[in-house]
Amino acid sequence: MSETLTDSIKWDADGLVPAIVQDAVSKEVLMMAYMNKESLALTLEKGEAVFWSRSRQELWHKGATSGNTQKVVSLRYDCDGDTLLVQAIPSGPACHTGSYSCFYRDASGELPQESLPAADRFAPLSELESTIAKRHAERPEGSYTTYLFDKGLDKILKKIGEETAEVIIGAKNHDKAETRAEAADLIFHLMVLLREENIPLDDVLQELEFRHRKPTKKN
């Protein structure tokens, strides 16, 4: 670990800095823990999240015993240098309760209504991506999404093929209700595929934006 990085971070009196872990794919905040210089160095060396446990007073390689490791793909620090942002691909739940994220409880309506953000027409996609990420991490029994992940890539691809054919049939028959329903099924299975391949939906949207903004060639 470079001295520049070490010197750029404002370690507290105990030599620690808070580290926020974010799912690199869904962008969901997973957990917050602490790092010291040694755990940060090990994180950079191993490519997996290593923290300092304040309760046990020892290094904590996330998932070393549970298998729920976090593969680090990006590590940043904020403008004040007093907080780290770790983007990682989790191999299981981040929370000791078995939840995908430690932040699974909300303020239960304590915020004033006017402070809530305006409705986003693309919110269902963000919510679906988050739900799929949770299913991928937690694997709840009886979940169809769990079934797809357990069966693997070939099953997911087969379903995408089937749903594509259903969309074609619905459109060919000019059946709007059927086409709408089958298109929703196709989008769902595509998003399961993106999670299986660790591709954020944001990357797809950026690709669309790039194509839209790309200047067209003049004849």
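**Entry 1, ground rules.** I worked on a predicted model, where local features need pLDDT of at least 70 and side-chain atom pairs count only at pLDDT 80 or more, while totals for chains, interfaces and linings use all residues. Residues are numbered from 1 along each chain as its sequence is written, and side-chain values use heavy atoms, with hydrogens and water left out.

I looked up the secondary structure and found seven helices and six strands in the protein, where helices (H or I, at least four residues) and strands (E, at least two) are DSSP runs numbered from the N terminus. Along the sequence they follow the pattern α-β-β-α-β-β-β-β-α-α-α-α-α. The C-alpha trace spans about 70 × 55 × 40 Å along its principal axes. Of the 219 residues, 35% count as buried; I use buried for under 20% relative accessible area, exposed for over 50% and partly exposed for in between (1.4 Å probe, protein chains only). I also looked at contacts, meaning heavy atoms within 4.5 Å, and among those between residues at least 6 apart in sequence, 51% join residues at least 24 apart.

Two packed helices are described by the angle between their axes and the distance between the axes. For helix α3 (residues 123-138) and helix α6 (residues 176-196) I noted an angle of about 50° and axes 10 Å apart; the axes are lines fitted to C-alpha atoms, for helices over the stretch in contact, and angles run from 0 to 180 degrees between N-to-C directions. That makes α3 oblique to α6, given that angles under 35 degrees count as roughly parallel, over 145 as roughly antiparallel, 65 to 115 as roughly perpendicular and the rest as oblique. The crossing of α3 past α6 is right-handed, a term for the near helix being turned clockwise from the far one by less than a right angle, with anticlockwise giving left-handed. On the α3 side I listed Leu-125, Leu-128, Glu-129, Ile-132, Ala-133 and His-136, which meet Ile-187, Phe-188, Met-191, Val-192 and Arg-195 in α6. By class, the residues of this contact of α3 with α6 are eight nonpolar, one polar and two charged, with Ala, Val, Leu, Ile, Met, Phe, Trp, Tyr, Cys and Pro taken as nonpolar, Asp, Glu, Lys and Arg as charged, and the others, Gly among them, as polar.

I then turned to α3 and α4, which pack at an angle of about 60° with their axes 9 Å apart. That makes α3 oblique to α4, and α3 passes α4 in a right-handed crossing. Ile-132, Arg-135 and His-136 of α3 make the contact with Thr-145, Thr-146 and Phe-149 of α4. In this contact of α3 with α4 I find two nonpolar, three polar and one charged residues.

How many aromatic pairs does the count come to? It comes to three aromatic pairs, under the rule that rings of Phe, Tyr and Trp (its six-membered ring) pair if their centres lie within 6.5 Å, with planes under 30 degrees apart counting as stacked, over 60 as edge-to-face and the rest as tilted. The rings of Phe-51 and Trp-60 have centres 5.3 Å apart and planes at 50°, so I recorded the pair as tilted. Phe-51 is buried at a relative accessible area of 0%, whereas Trp-60 is partly exposed at 25%. The rings of Tyr-144 and Tyr-147 have centres 6.0 Å apart and planes at 25°, so that pair is stacked. Both tyrosines lie in helix α4 (residues 144-151), three residues apart, about one turn of the helix. Tyr-144 counts as partly exposed at 36% relative accessibility, and Tyr-147 is partly exposed with a relative accessible area of 36%. Tyr-144, Tyr-147 and Phe-188 form one aromatic cluster.

Is Ser-39 buried or exposed? Ser-39, found in helix α2 (residues 37-46), is buried, with a relative accessible area of 0%. Leaving out residues up to four places away in sequence, Ser-39 touches Val-50, Phe-51, Trp-52 and Leu-59.

Most residues other than glycine have a negative phi. Gln-57 has a positive phi near 55°, lies in the loop between β3 (50-53) and β4 (58-61), and counts as exposed at 53% relative accessibility. Asn-198 also has a positive phi, of about 55°; Asn-198 sits in the loop between α6 and α7 (201-213) and counts as partly exposed at 31% relative accessibility.
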